[in-house]
Amino acid sequence: MKGFLRMYGVEQKLFFRSPDVILFNLVMPLVTLILITVIAGNKSAADSGLTYAQSSYVALSTVGICCSAFMSIPIVIVDYRSRGVLRRMYCSPCSPARLLACDTLASGVMAVISTLILTVAAVAFFGYRMQGNVLVYIAVWLLTMLSMFSIGLMVASLCRTTKSMNVATSLLYFPMLLFSGATIPAEVFPGALRTVAGWMPLGVGIRLLKSVSMGCYDHMAMPVVTLTAIAVICGTIAVKTFRWE
């Protein structure tokens with residue numbers, strides 16, 4: 001356990017020293033929330049039953065998940081593989097599986113910190129109050145993170161080179177960030193694009209989180225099953241196809 005914690009501490013420090021991680025995980029969601037709240041915070045977000053401020057808080061709480069799942073995890077793992085780090089560690093007492101676990105945990109911590117910063121700002125400065133059960137919201141948020149992380153791990157397993165990984169993560173990250181409702185409120189999308197957002201894996205999580213935040217638990221079954229299925233399927237593919245070199 002001491003070895004694991006020591007390695008995790010090193011990997012976490014590397015995340016905190018990465019300008020990209022700080023900018024996209026921590027700064028961007030907060031700045032976006034401030035802008036949307038100042039411009040249209042109290043206006044009703046179409047027929048969602050939420051104001052733009054409430055809708056944006058819920059959606060932006062998944063930005064840290066999106067950045068960690070589709071950028072941090074695949075980039076770190078594929079980079080370690082391409083540089084031979086995982087191969088050299090394979091027969092050493094320091095298991096590469098431990099390194100992967102540390103990196104995944106560090107990515108999860110960054111997503112949690114991103115959401116905590118956003119929550120403090122929304123509650124303390126913009127008066128946000130959640131109508132639904134906070135514990136249920138946290139559980140759904142964690143399920144969304146698990147589902148998205150499984151996709152990121154699958155990409156890291158399937159991509160053998162840095163170039164293929166960059167293409168795959170770009171095709172996942174930017175559409176998911178822009179068109180799932182994570183940064184731009186889905187309520188402003190035209191009908192067809194809103195449908196597309198609802199079918200995206202992250203969009204499923206965001207819609208479920210918005211329902212839970214309003215205290216609506218009637219239609220949770222299908223989104224929960226969908227997110228769980230994504231986690232199981234993608235996680236299984238990631239394990240089956242993973243290569244150390």
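Which residues are buried in α3? In this helix, Y52, A53, Q54, S55, S56, Y57, V58, A59 and L60 are buried. Buried means under 20% relative accessible area, exposed means over 50%, and partly exposed lies in between (1.4 Å probe, protein chains only). Helices (H or I, at least four residues) and strands (E, at least two) are DSSP runs, numbered from the N terminus.

The model is predicted: local features need pLDDT of at least 70 and side-chain atom pairs count only at pLDDT 80 or more, whereas totals for chains, interfaces and linings use all residues. Residues are numbered from 1 along each chain as its sequence is written, and side-chain values use heavy atoms, with hydrogens and water left out.

Helix α3 covers residues 52-60, and because 9 of its 9 residues are buried, the helix is largely enclosed by the rest of the structure. Q54 belongs to α3 and has a relative accessible area of 19%, which makes this residue buried. Contact here means heavy atoms within 4.5 Å. With neighbours within four places in sequence left aside, Q54 is in contact with G49, Y128 and Q131.

Q131 sits in the loop between α6 and α7 (134-158). Beyond its neighbours within four places in sequence, Q131 is in contact with Q54, S213, M214 and G215. The C-alpha atoms of Q131 and S147 are separated by 25 Å, the two residues being 16 residues apart along the chain.

**The nonpolar core and the cysteines**

In soluble globular proteins, nonpolar side chains tend to be buried together. A nonpolar core is a set of buried Ala, Val, Leu, Ile, Met, Phe, Trp, Tyr and Cys residues joined through side-chain atoms within 4.5 Å. The largest such core has 63 residues, of which Y57, C66, F70, L99, M148, I151 and L202 touch the most other members. Apart from its neighbours within four places in sequence, L202 is in contact with T62, C66, T144, M148, M176, S180 and A182.

A disulfide is a pair of cysteine sulfur atoms within 2.5 Å, and a search of the whole structure finds 0 of them. The cysteine sulfur closest to that of C66 is in C67, at 5.7 Å, which is too far for a bond.

**Surface features**

A salt bridge is a side-chain nitrogen of Lys or Arg within 4 Å of a carboxyl oxygen of Asp or Glu. The search of the whole structure finds 1 salt bridge. R83 forms a salt bridge with D79, and their closest N and O atoms are 3.1 Å apart.

Patches are made of residues with over 30% relative accessible area and no salt bridge; like charges are joined within 9 Å, and nonpolar side chains (Val, Leu, Ile, Met, Phe, Trp, Tyr) within 5 Å. Accessible areas come from the Shrake-Rupley method with a 1.4 Å probe, and for residues only the protein chains shown count as cover. L23, F24, V27, V31, I34, L35, V38, I39, F125 and F126 make a nonpolar surface patch of about 940 Å². Helices α2 (19-40) and α6 (96-126) are the elements that give two or more residues to this patch. The largest share, 8 residues, comes from α2, the helix in which F24 lies.

The table gives accessibility values for several residues.

| Residue | Relative accessibility | Class |
|---|---|---|
| C66 | 0% | buried |
| C102 | 0% | buried |
| D79 | 30% | partly exposed |
| F24 | 32% | partly exposed |
| R83 | 46% | partly exposed |
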